[in-house]
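Subject: Model for your review

Hello,

Here is the structure I promised to pass on. My notes follow below it.

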Amino acid sequence: SNNYFTLRPAGNPNNQSVSLRVYNVNGQEVYSTTGFSNKDYRFGERFIPGIYLVEFIQADQRRTFKLVKQ
């Protein structure tokens, strides 16, 4: 992305709680938020260009993935 990222939790109608954490390549947490699965999460406007690791937890599922800010 050149600007920001938008994360939309998997379709889950019962509004489960979610946790989102973003780390830079040095392992420092640069963003975190909590909320519910019925909303989109927009972040990264102020990130400097680089690679970021995202940890997303929804109910008993934990996903990690990589994002690149250009």
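Is glutamate 45 buried, partly exposed or exposed? Glutamate 45 is partly exposed, with a relative accessible area of 43%. Buried means under 20% relative accessible area, exposed means over 50%, and partly exposed is in between (1.4 Å probe, protein chains only).

First, the ground rules. This is a predicted model, in which local features need pLDDT of at least 70 and side-chain atom pairs count only at pLDDT 80 or more, while totals for chains, interfaces and linings use all residues. Residues are numbered from 1 along each chain as its sequence is written, and side-chain values use heavy atoms, with hydrogens and water left out.

Salt bridges

A salt bridge here is a side-chain nitrogen of Lys or Arg within 4 Å of a carboxyl oxygen of Asp or Glu. The count is 5.

Arginine 8 pairs with aspartate 40, with the closest N and O atoms 2.8 Å apart. Arginine 8 is in the loop between β1 (5-7) and β2, and aspartate 40 is in the loop between β3 and β4 (41-43), so this pair ties together parts that are 32 residues apart in sequence. Strands are DSSP runs (E, at least two residues), numbered from the N terminus. Arginine 8 is exposed at 64% relative accessibility. Aspartate 40 is partly exposed at 35%.

Glutamate 45 has a salt bridge too, with arginine 42 (2.9 Å, N to O). Arginine 42 is partly exposed, at 48%.

Within it, the side chains of arginine 21 and glutamate 55 meet at 3.6 Å, N to O. Arginine 21 lies in strand β2 and glutamate 55 in strand β5 (residues 50-58), so the pair links parts 34 residues apart in sequence. Glutamate 55 is buried, with a relative accessible area of 9%. Arginine 21 is partly exposed, at 31%.

The hairpin

Strands β2 (residues 17-24) and β3 (residues 29-36) run antiparallel and are joined by 7 bridges. Two strands pair if DSSP finds at least two bridges between them. Serine 17 sits opposite phenylalanine 36 in β3. The hairpin has 4 residues between the strands, and glycine 27 takes a positive phi near 85°.

Lysine 69

Lysine 69 belongs to strand β6 (residues 61-69). Lysine 69 is buried yet has no salt bridge. The nearest side chain of opposite charge is glutamate 45, 7.2 Å away. For charge, Lys and Arg count as positive and Asp and Glu as negative; His and the chain ends are not counted.

What lies by its side chain? A polar atom of the lysine 69 side chain is 2.7 Å from the backbone oxygen of glycine 44. Another backbone oxygen, that of phenylalanine 47, lies 3.2 Å from a polar atom of the lysine 69 side chain.

The core

The largest nonpolar core has 12 residues, including Phe5, Leu20, Phe47 and Leu67. Such a core is a set of buried Ala, Val, Leu, Ile, Met, Phe, Trp, Tyr and Cys residues joined through side-chain atoms within 4.5 Å. β1, β2, β4 and β5 each supply at least two residues of this core.

Phenylalanine 47 is in contact (heavy atoms within 4.5 Å) with Phe5, Val22, Val30, Tyr31, Tyr52 and Lys69, leaving aside neighbours within four places in sequence.

Best wishes

How values were computed. Polar contact = N/O pair within 3.5 Å; in protein donor to acceptor, adjacent residues only side chain to side chain.
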